[in-house]
Every structure is written in structure tokens, then in C-alpha cells.
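Please look over the sequence and the three-dimensional model shown below before reading on.

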Amino acid sequence: MSTELSPVVDSTLVLLTVEEAARRLSIGRTTCYGLIRTGELESVPVGTLRRIPADAPAAYVARRRAAHRAA
């Protein structure tokens with residue numbers, strides 16, 4: 001029996017931190033910043049912060065799946 005706790009996902013969030021988006025995608029923070037830098041993962045500036053719209057990780061996965069099927 002695993003004692004590891006799953007992170008609680010707050011479905012009311014409109015914007016995610018980079019760390020939250022990375023966790024949802026099961027990737028590292030650095031990889032997530034790379035996807036933001038290349039424009040593959042949508043993000044918006046909020047003052048000096050960088051936030052990811054809550055629906056952007058799912059949209060990224062959908063685009064990747066469609067590209068994989070087309071290949």
C-alpha cells in the first residue's frame with residue numbers, strides 16, 4: 001500500500017503556476033518553461049509572473065495527440 005499522497009487539483013483555478021502545469025503534464029519545471037518559450041504551451045504574463053491558463057495543458061496534449069495520429 002502506497003503512502004504517497006496525490007496532489008489535490010483545484011478545478012476552480014483559472015490560471016496555473018508553471019509548477020502546477022508541469023505537474024498536470026507529468027513533466028519537469030524546466031521542460032515546462034521550454035514549452036512556454038517555444039510557444040507550444042500557452043502562457044500569459046500577470047505582472048512579473050508567468051501563468052498558464054487551466055485549459056492550456058489539455059490543449060497541448062490534444063495537439064500532440066493529433067500530430068502523432070497524422071504522422
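## Salt bridge

A search of the whole structure finds one salt bridge, a term that stands for a side-chain nitrogen of Lys or Arg within 4 Å of a carboxyl oxygen of Asp or Glu. The two side chains that meet in it are those of E19 and R29, at 2.9 Å from N to O. Because E19 lies in helix α1 and R29 in helix α2, the pair ties together parts that are 10 residues apart in sequence. Helices (H or I, at least four residues) and strands (E, at least two) are DSSP runs, numbered from the N terminus.

Both partners are described by their relative accessible area, for which buried means under 20%, exposed over 50%, and partly exposed in between (1.4 Å probe, protein chains only). E19 is partly exposed at 36%, and R29 is also partly exposed, with a value of 44%.

## Basis of the model

This is a predicted model, in which local features need pLDDT of at least 70 and side-chain atom pairs count only at pLDDT 80 or more, while totals for chains, interfaces and linings use all residues. Residues are numbered from 1 along each chain as its sequence is written, and side-chain values use heavy atoms, with hydrogens and water left out.

One member, L25, is in contact (heavy atoms within 4.5 Å) with L41, P57, Y60 and V61, when its neighbours within four places in sequence are left aside. In α2, the residues C32, G34, L35 and I36 are buried, and the buried residues of this helix pack against α1, β3 and α3. Just after α2, G39 takes a positive phi of about 85°.

## Sheet

Three strands form an open sheet in the order β1-β3-β2, with antiparallel pairing, where two strands pair if DSSP finds at least two bridges between them. The edge strands, each pairing on one side only, are β1 (15–16) and β2 (44–46).

Strand β3 (residues 49–53) is joined to β1 by two bridges, and these strands run antiparallel; L16 stands opposite I52, while the bridge partner of L15 is P53. Three bridges pair β2 with β3, again in the antiparallel sense, and P45 has R50 as its bridge partner in β3. The hairpin of β2 and β3 has two residues between the strands, and in it G47 takes a positive phi near 65°.

## Surface patch

On the surface, V14, L15, V46 and L49 form a nonpolar patch with about 330 Å² of accessible area together. Such patches are made of residues with over 30% relative accessible area and no salt bridge, with nonpolar side chains (Val, Leu, Ile, Met, Phe, Trp, Tyr) joined within 5 Å and like charges within 9 Å, and the areas come from the Shrake-Rupley method with a 1.4 Å probe, where for residues only the protein chains shown count as cover.
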